[in-house]
Amino acid sequence: MAAATPTSYTDQVVVTDEVAEFSSEVVSEMRSHLAKYPADRSRSALIPLLFVIQRERGYIDNPGVNFLAKFLNLEVTDVWETATFYSMLNLRPVGRHHIQICKTLSCKIMGEPEITEHICSKLGIHPGETTEDGKFTVSLVECLGSCGTAPMMQIGFDYHEDLTTDKVDKILADCE
Ligand code: FES
């Protein structure tokens with residue numbers, strides 16, 4: 001049985017003052033991202049730095065956000081407003097394979113509901129949930145910019161396009 005799906009992020013986030021700590025290598029990687037932008041435009045480094053937080057902590061968590069706010073001299077809310085806008089930034093832990101199914105118009109018309117139903121019933125979860133073994137998370141996301149090859153989904157950084165249920169079966173079977 002999969003965990004219940006929170007209805008919104010604010011239902012699940014516990015806001016604390018805890019600040020994440022990172023190794024000197026990770027901090028220096030962050031400084032190298034920061035160095036790509038003018039000194040008075042540090043906010044521009046937010047997305048690459050959020051990706052570092054996600055890689056290091058598994059998702060964008062409250063201590064990671066607090067760290068970034070201090071690191072960039074921003075308000076915590078400045079970091080959250082970016083972190084909560086993009087679907088590629090995960091606000092809770094995800095499975096080893098994060099399946100993001102596009103639910104926007106072209107994909108919807110071309111068969112997204114059937115694809116979503118097929119994947120979810122095969123994995124025994126609903127959108128927003130992770131399988132008990134931590135292998136798969138399914139999310140429904142807005143347009144991923146590949147409308148001409150709808151229906152499509154993204155797993156990790158890879159796009160899978162012109163989906164059919166047979167194609168989906170093969171893709172899932174290939175996930176280690
Ligand atoms: S509508 Fe699905 S990729 Fe654009």
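This is a dialogue on how to read some features of a predicted model.

User: What kind of model is this, and how are residues numbered?

Analyst: The model is predicted, so local features need pLDDT of at least 70, side-chain atom pairs count only at pLDDT 80 or more, and totals for chains, interfaces and linings use all residues. Residues are numbered from 1 along each chain as its sequence is written, and side-chain values use heavy atoms, with hydrogens and water left out.

User: How many helices and strands does the protein have?

Analyst: Helices (H or I, at least four residues) and strands (E, at least two) are DSSP runs, numbered from the N terminus. The protein has eight helices and four strands. In sequence order the pattern reads α-α-α-α-α-β-α-α-β-β-β-α. Along the principal axes, the C-alpha atoms fill a box of roughly 50 × 35 × 30 Å.

User: What share of the residues is buried?

Analyst: Buried means under 20% relative accessible area, exposed means over 50%, and partly exposed lies in between (1.4 Å probe, protein chains only). Here 43% of the 176 residues count as buried.

User: Is alanine 20 buried or exposed?

Analyst: Alanine 20 is found in the loop between helix 1 (9-12) and helix 2. Its relative accessibility is 5%, so alanine 20 counts as buried.

User: Which residues does alanine 20 touch?

Analyst: Contact means heavy atoms within 4.5 Å. Leaving out residues up to four places away in sequence, alanine 20 touches Arg57, Pro63, Gly64 and Phe67. Alanine 20 and phenylalanine 67 are 47 residues apart along the chain, while their C-alpha atoms are separated by 5.7 Å. For the protein, among contacts between residues at least 6 apart in sequence, 60% join residues at least 24 apart.

User: Is glycine 145 buried or exposed?

Analyst: Glycine 145 lies in the loop between strand 2 (136-141) and strand 3 (153-155). With 64% relative accessibility, glycine 145 counts as exposed. From glycine 145 to aspartate 158 there are 13 residues in sequence and 13 Å in space, C-alpha to C-alpha.

User: At what angle do helix 3 and helix 5 pack?

Analyst: Axes are lines fitted to C-alpha atoms, for helices over the stretch in contact, and angles run from 0 to 180 degrees between N-to-C directions. Angles under 35 degrees count as roughly parallel, over 145 as roughly antiparallel, 65 to 115 as roughly perpendicular and the rest as oblique. Helix 3 and helix 5 pack at about 80°, with their axes 11 Å apart. Helix 3 is therefore roughly perpendicular to helix 5. Leu46, Ile47 and Leu50 of helix 3 make the contact with Asp78, Val79, Thr82 and Ala83 of helix 5.

User: How do the residues of that contact divide by class?

Analyst: Ala, Val, Leu, Ile, Met, Phe, Trp, Tyr, Cys and Pro count as nonpolar, Asp, Glu, Lys and Arg as charged, and the others, Gly among them, as polar. The contact of helix 3 with helix 5 has five nonpolar residues, one polar and one charged.

User: How do helix 7 and helix 8 cross?

Analyst: The axes of helix 7 (residues 112-123) and helix 8 (residues 165-174) come within 10 Å and cross at roughly 40°. The two helices, helix 7 and helix 8, are therefore oblique to each other. On the helix 7 side the contact is made by Glu114, Ile115, His118, Ile119, Lys122 and Leu123, and on the helix 8 side by Thr165, Val168, Asp169 and Leu172. By class, this contact of helix 7 with helix 8 has five nonpolar, two polar and three charged residues.

User: How many salt bridges are found?

Analyst: Side chains of opposite charge can pair when their charged atoms come close. A salt bridge is a side-chain nitrogen of Lys or Arg within 4 Å of a carboxyl oxygen of Asp or Glu. A search of the whole structure finds 10 salt bridges. One of them joins glutamate 81 and arginine 43 (4.0 Å, N to O). That pair links distant parts of the chain, 38 residues apart: glutamate 81 is in helix 5 (residues 76-83), and arginine 43 is in the loop between helix 2 (24-34) and helix 3 (46-57).

User: Which residue pairs with arginine 57 in a salt bridge?

Analyst: Arginine 57 pairs with aspartate 61, their closest N and O atoms being 2.7 Å apart. Arginine 57 is partly exposed at 29% relative accessibility, whereas aspartate 61 is buried at 8%.
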